[in-house]
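User: I am new to this structure and would like to learn how to read its features. Please take them one at a time, with the general idea before the case.

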Amino acid sequence: DAPLNEVEKEEDDITDILKLLETTFEAYEPSSNHFDVIPSMEDITLSCDVIIAAGSSASSISASDIASMSSKEVTNCLDTLGHLPWPQAVTVSIWNAVKAKITKFQSTNMLPVKRAEMIQLQNLLPAVASEDADLLDMDRKNIDGISLLGRELRTDDSSVLDLVQRYIT
């Protein structure tokens, strides 16, 4: 009989603790309904801070998410976007969304993708090479960026021969 009473007392104690915890958490909850429903992605405008905070999981955002960002945000976030581990299937669409937001990437006569930009665009470089190779400045002074490009490109990529030829000449 005594062990049964002890078990019942322990159960009552645990129940009292759980009630206390429940009221404590309720007392410190935010007093708003913001957390009742998670907003849809269409209602959210991404910022660079959000992408940085998301880390590598930000590689699940779409080109349309980038298109909804301001040009300033995309420009400020270029390094972060370029270093995300994008699935190969989406790199071209991501690059096109980035290019559409950054004015200097829309002018081919200036070869705007130089060393610094190549370093920033690292994981998007294969898409740049296949879609807009004429934007890449293949001058020897950009060798650091060109080496990243070489590391990222596959040898069977059709743009490799053209890029090598441009580097040599």
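User: Are K99 and D132 buried or exposed?

Analyst: Buried means under 20% relative accessible area, exposed means over 50%, and partly exposed lies in between, with a 1.4 Å probe and protein chains only. Both K99 and D132 are buried. The model is predicted: local features need pLDDT of at least 70, side-chain atom pairs count only at pLDDT 80 or more, and totals for chains, interfaces and linings use all residues. Residues are numbered from 1 along each chain as its sequence is written, and side-chain values use heavy atoms, with hydrogens and water left out.

User: What do K99 and D132 form, and how far apart are the closest N and O atoms?

Analyst: A salt bridge is a side-chain nitrogen of Lys or Arg within 4 Å of a carboxyl oxygen of Asp or Glu. K99 and D132 form one, with 3.0 Å between the closest N and O atoms. K99 belongs to helix α6 and D132 to helix α8, so the pair ties together parts that are 33 residues apart in sequence. Helices here are DSSP runs of H or I with at least four residues, strands are runs of E with at least two, and both are numbered from the N terminus.

User: How many salt bridges are found in the whole structure?

Analyst: The search finds five. One of them joins K104 and E117, whose closest N and O atoms are 2.6 Å apart. This pair links distant parts of the chain, with K104 in the loop between α6 and α7 (115-120) and E117 in helix α7, 13 residues away. K104 is partly exposed at 41% relative accessible area, while E117 counts as buried at 11%. Another salt bridge is between the side chains of K9 and D13, at 3.6 Å from N to O. K9 and D13 are both in helix α1, four residues apart, about one turn of the helix. K9 is exposed, with 52% relative accessible area, and D13 is partly exposed, with 33%.

User: Which residues have the most contacts inside the largest nonpolar core?

Analyst: A nonpolar core is a set of buried Ala, Val, Leu, Ile, Met, Phe, Trp, Tyr and Cys residues joined through side-chain atoms within 4.5 Å. The largest one here has 36 residues, and I66, L81, V98, L121 and L136 have the most contacts inside it. Two or more core residues come from each of α2 (48-54), α5 (78-83), α6 (91-101), α8 (125-132) and α9 (143-152).

User: What is I66 in contact with, beyond its neighbours within four places in sequence?

Analyst: Contact means heavy atoms within 4.5 Å. With those neighbours left aside, I66 is in contact with I61, V74, L81, W86, I94, A97, V98 and K101. For the chain as a whole, 69% of the contacts between residues at least 6 apart in sequence join residues at least 24 apart.

User: Where is F105, and what does F105 touch?

Analyst: F105 sits in the loop between α6 and α7. With 1% relative accessible area, F105 is buried. Not counting residues up to four places away in sequence, F105 touches L78, W95, K99, P112, V113, E117, L121 and L135. Between F105 and L136 there are 31 places in sequence and 9.8 Å in space, C-alpha to C-alpha.

User: Which cysteines form a disulfide?

Analyst: A disulfide is a covalent bond between the sulfur atoms of two cysteines. The rule used here asks for a pair of cysteine sulfur atoms within 2.5 Å, and the count comes to one. The pair is C48 and C77, with sulfur atoms 2.5 Å apart. C48 counts as buried at 8% relative accessibility, and C77 counts as buried at 0%.
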